[in-house]
Every structure is written in C-alpha cells, then in structure tokens.
Amino acid sequence: MMKTKKPFFSAKNLTVTPYAVWMVLFVLIPIGLVVYFAFTDANGTFTLENLSYIKRYAETFWLSVELALISTVICLLLAYPMAFIIAKMPTERQGSAILLIMLPMWMNFLIRTYAWMTILENNGIINRFVGMIAQWLQIEFEGFSMINTNGAIVLGMVYNYLPYMILPIYTVLTKIDNSLIEAARDLGSSSVHVFRRIIAPLSVPGVISGITMVFVPAVSTFIISYLLGGGKTYLIGNIIENYFLGSSGAINYNVGAALSLLLMILIVVSMGIMNHFDKDSESVGGGMIV
Amino acid sequence: MKKIITFALCFVIVFSFATVLAGCGNSYDATINVYNWGEYIDLSVISEFEKEHNIKVNYTTYDQNESMYTKIISGSADYDVVIPSDYMISKMISEDLLAELDFSNIPNYSYIDEQYKNLAFDPENKYSVPYTWGTTVILYNDKYVSAEDVAEQSIDLLWNEKYAGYILMFDNPRDSFGLALKKLGYSMNSTDKNHWAAAAAELQKQKPLVSAYVMDLIFDKMISEEAYIAPYYAGDWLTIYEQNENVKCYIPSEGANLFVDSMCVLKSSKNKQAAEKFINFMCETDIAVRNAEAIGYATPHTGAFEALDASVTGNEFVYPSKEKLAETEVFVNLPQDILTLQSNHWIDLKID
C-alpha cells in the first residue's frame, strides 16, 4: 500500500497550530531566555556566578516556601468541607453558591488586598470594633497588632487563593458517581467508611490541582508581602522583582533570572511530587489544571 | 443561570463595540505617551490639552525614578515625555537617552524662574524644563509626638524608640540612605563605602521601630493616624495636612534633600514636536497654577507663583527660605559600584 502523506492543512493541524504557536512564543521562548540569562553575565559570557546568589538568599527562599505551605494547608482545611457542603446542596443552589465564591474575584486582586490593609490596621475595622466592645464592657484593650506581620501575609494569601482550592475540589466531588456511594451503603458501610474508602480517594485529583494552584502563586507573590507585610519582609518574589525593576538602584537580569529559575525548578519538582500521589487514583474529569 | 450569562455576554459585546465606535469618531493628529509620577498632575489638564491641540495623550505613572528608568531602557514601551528627578536626569543625559529640546517650540520656558535653570544636572539646560521642586521633610502627628521630641528638628526622630511601630520609612533606597547618611553627618552623595556600610547599619538599627516601608501608601497611613512619624516630600505633606491638621512637619536640621523634577523628551520619541507642545502647555500660567494647586509641590513657574494663594507661597516648608535651602543637598548620579553596593545593602536590610 502506498504511504499516504498527511496534508499540511489538515483539520488537526489547523486546530493545533494556534496553541503550538502560543506555547512557543509565551512559554518556551521565555523559559529559554530565563535559562540563558541565568547562566550568563551582563556581557553575555557564560558564568555560574549568578547561582551563588541562591545561597545568599536561601533563607528568604525557605521563608517563602514556609509561608506558602502554611497558606496551602489552611486553604485545604477550609476548602474541603466547603466544597463538600456545596457539592451536597440541591443542584439548583450549587450554581449560586459557586457564584458567591467567585464574586470577590470580580474585583481586582490589588484592591481586595488593599481592603485587608484597612481591616487589619491598628486603627482598622477589627481593632475599632473590638475596642468599642471593650469600652462598653469597660475592659482594657490595647489593640491587636496584625498588619505588617507574617501572619497578615499568610492571611492575604489564604483569602486571595482560597477559591482556587474550592473550585477543583468541588468539581471532582460533583463528578463522583452516586451509585458507588449507594452501593457502599447497601453493603453496610457507615458514613465515615464511605468517605474514607470512596469519596476521599476519588477527590484526590481535585485536591492536588487545588494545592498546586494555591502553592504556586503563593510562593512567588510579591505584592501581598508588600502590602500586608509593610515592605519589611522580602519574599523571594520581592527579591526577583527588585533585580528586574532595579528599584534599589542596580538592575541585574542575570541574578533575577537565576533566582526565577530556581523558583521554577522548585515548583516543577513540587508538582512532580504531587502528581506522584495522583498516579494510583484514576483521574476524574476536570481534575488537573496545570 | 444560562440566561444571565447570555445577557452578560451580549452586554459586553455591545459595550465593546460602542467603545470602539466612540474611539473612531475622534481622529487625533498625533499621539504622545506621557510618563509621570503618580498623583503629580491635575488630570483635567490632560483632556484639555487633547482638545486644544488635537493630540492624544496616553498617560501612565510610576512611583520611583529607578523603575521609570528600567522601563525606558528595557525598550518595552515608547514614551515621549518623562518627568524624572535631577540625579536621574543627569544619568539619562550621560547615557544619551534624552533629546535636546527645541526651545522655540516652548516659548513658555521664559516663565521659569532663572534660579531653576542651568542646574548642575543639566548645566546648559538643553534637555529639561523644571516642573516642580521641593525638599524632603519629616512629618509628625503632634497629637502623639511630644513637643520636646521635635524641638531639635532632627532626623533622629525617625530612630526614636518611644514611637516604635509608628514610624514609616521611604521604600526607596536613595531617600532612605540619604537620611541615614545625613544622620551620621555624611554627604548624601558620599562615595565612601565605609559611609554606606555605617548608614546600612543605621537603617538596620531602625528596622525594628519601622511600621512599614512605603511610598504613596504614606498618604493613607498618616491621614488615618496609623503611623505618627514619616519622612516624605514637602508638597505631599501639604496634601496630607489638608486632610489631617494634626500632621505637622519640619525640614531636618542636619540638612534635607533638595530635588527638582523636570520635564524631558526621550531621544526615542517619534513625536518630538507634539511632546514639546505638551511641555509648553504645562508651562502656561493657568495650567501651571492648576497643577501646583492639585499636587501641592513648589512651582518654579514665576507666573504661577504670583497667581497662587499667599498661604501656599508663604508656607515655610513648601517654599523654604534661602537660608534653609543653603543647608540642603541635591542628589547627584552615583557611580555604578556605589549603586550596586546600595542595592545589596538595601536587599540585606529587607531580608534580615
């Protein structure tokens, strides 16, 4: 039989091309540039010196990872029950519940973070409110100092990224076949047992994509730490921003790129670890969003 | 649910068409991109210029000389008019980023006070037209800060442990190091690495007392009395004072920074004439008055100075006396090795 040559303008090629072009232009080339800058100096000659900065900022790296991890765990603890409750609602009410979760995202991310500043400040809404109650009860109240702390940064991360945890978990929970649960019930499983043996394992893909979608932006944020941390706590995102913008007087794309590269590797590795957990459980549609 | 989404989509489509059509109705002779400090113009001036000269203005803002500079040299955007500060202008001249102005297109340049022409950063005044000037001052809220603590009018107030947690600091190394260097009795333009190390130690010592490192956020924080003490620019103090009369200020006795922000045209500008028209428009007396009133900074424009309310031009902080000005210091462009040192010290301060 003669080998049939695939026509270049096949339907498949035509539909794939835009994505391929997009990926090359906005994913591959930028990553290539990051790698190039990370291993060269200002004159473009090969060097490993930029990598020495990673050691210099090791502590900041750990702090960023630590805060992002704490936020991710809190998000998970808050989001799972929430997603579960929504998934168990009557279908016609689920839409509005999800809409309510999405609603704050209609407002710009920056403005929402600014709003937290006014809430957490020493003269902010919380302190004034508690102060008023304390006055009414005639108790001495010195005010909580919340703003410009690492706690405030974690709060900002949890608040901003929580929907990214709820949505994927909710999606997988609604996709679980109800007949599996009914069958388990028929065979005499308790609620706890049904959750442990059926619901929990089947929701793993949603949990994993939720963790990724919270951890990745949290570990690289620089604006939350600036607004809620008072510019006193630099996270790795702030240092990278600093090197690229030259806001402290010296621009250094090379060092910035080296730090970004490490951050990317860190993210890819953590995603790899997460996917490893996912291997055994069969993916339920709409799970992984990366 | 579906209906709502369909409706919303229809609305978006119709609305975007409407904006496109509205945009088409107006054809401009030219378009210029103006890059200015945030909160640094009376915004109605821009639309008036667009109407009068039929030139479209894309107006964007920055909050730091350094970030403006980076954006320009990265070539990611074409700007025509920029308004940098003195030391940045001399840096940009030395790197051949600014265009020589054709002053025959800027007749209103004659309104600029001779005192602000031919300054050290542009000695023959070929590249820049002064827009504002002023000094850094130290702001304090006299409801919380006792009179004896401000009696000496010293920079030391920013290091006073009594007010720990209520002190703000510049989130920009040039101004912060400037204050620390002055506090130690050195020049703000010192090129001695030991001076910089000492200043860095000084800032390190101050950090536990600092509530936040901020730039434009200072307005909110001082007005709402979230912080009591902060260094900032005199013109902005006036804006804050208008909203909270407890916030007073002084020019530090150790000497403050004197700055001049000037309008420049970039060499890469494709609409140099339109850009010069814009600069000329900004120097018209009534426009200069409106800008000066809106932003509160001192104006180098003689016509505007006369037209402004005496309560403003008589203000000893916005328009300090000659004696006070003699004690001030203008930033000069630092050599790159000092800038790198400054950057390293600054990041070390922030990650500690």
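**The largest pocket and what surrounds it**

Mentor: The lining of the largest pocket is made of 16 nonpolar, 13 polar and seven charged residues. (Charged means Asp, Glu, Lys and Arg; nonpolar means Ala, Val, Leu, Ile, Met, Phe, Trp, Tyr, Cys and Pro; the others, Gly among them, are polar.) The model is predicted, so to speak of a local feature takes a pLDDT of at least 70 and to count a side-chain atom pair 80 or more, while totals for chains, interfaces and linings use all residues. Residues are numbered from 1 along each chain as written, chains are lettered from A and ligands numbered from 1 in written order, and side-chain values use heavy atoms, without hydrogens or water.

Start with the space itself. The largest pocket has a volume of about 870 Å³. It is lined by 36 residues, and those closest to its centre are Tyr226(A), Glu241(A), Leu245(A), Asp63(B) and Ser67(B). (On a 1 Å grid over protein atoms alone, a pocket is an open set of points with protein on both sides within 12 Å along at least five of seven lines; a cavity is a set where a 1.4 Å probe fits but cannot get out; lining residues have an atom within 4 Å of a point. Points join across faces, edges and corners, and volume is the space filled by probe spheres set on them.)

Which elements build this lining? From chain A, helix H5 (109-120), helix H10 (223-229) and helix H11 (236-245) each supply at least two residues. From chain B, strand E2 (55-62), H3 and helix H15 (336-351) do likewise. H11(A) gives the most, with five residues. (Helices are DSSP runs of H or I with at least four residues, strands runs of E with at least two, numbered from the N terminus.)

Chain B has two parts to keep in mind: domain 1 (2-132 + 261-320) and domain 2 (134-258 + 328-351). (The bounds come from an automatic or database assignment.) Each of these domains places at least three residues in the lining of the largest pocket.

Now take the second largest pocket. Its volume is about 720 Å³. Of its 35 lining residues, Ala42(A), Ala250(A), Ile251(A), Asn252(A) and Tyr253(A) are closest to the centre. Helix H1 (11-38) and helix H12 (253-278) of chain A give two or more residues to this lining, and so do H3, H4 and H15 of chain B. H15(B) has the largest share, five residues. By class, the lining of the second largest pocket holds 15 nonpolar, 15 polar and five charged residues. Here too, domain 1 and domain 2 of chain B each give at least three residues.

Next, how do the two chains meet? The contact takes 30 residues from chain A and 34 from chain B (contact means heavy atoms within 4.5 Å). The chains bury about 2,500 Å² between them, and carbon and sulfur atoms give 49% of that area. On chain B's side, Leu217(B), Glu226(B) and Ile347(B) supply 22% of the area buried against chain A, more than any other three residues. (Buried area is the accessible area, with a 1.4 Å probe, that two parts lose on being put together, summed over both.) Two salt bridges cross the chain interface. One named pair is Glu121(A) and Lys221(B), at 3.5 Å from N to O. (A salt bridge puts a side-chain nitrogen of Lys or Arg within 4 Å of a carboxyl oxygen of Asp or Glu.)

Stay in chain B and look between its domains. Their centres, taken over C-alpha atoms, are 27 Å apart. In this contact, 16 residues of domain 1 touch 24 residues of domain 2. The domains bury about 1,700 Å² between them, 61% of it from carbon and sulfur atoms. In domain 1, Tyr87(B), Tyr297(B) and Phe317(B) lose the most area to domain 2, together 36% of what that side buries.

The largest cavity holds about 320 Å³ of space. It is lined by 26 residues, and Trp37(B), Ser85(B), Tyr233(B), Asp261(B) and Tyr297(B) lie nearest its centre. Its lining has 11 nonpolar, six polar and nine charged residues. Where does the largest cavity lie? Both domains of chain B give residues to its lining, so it lies between them.
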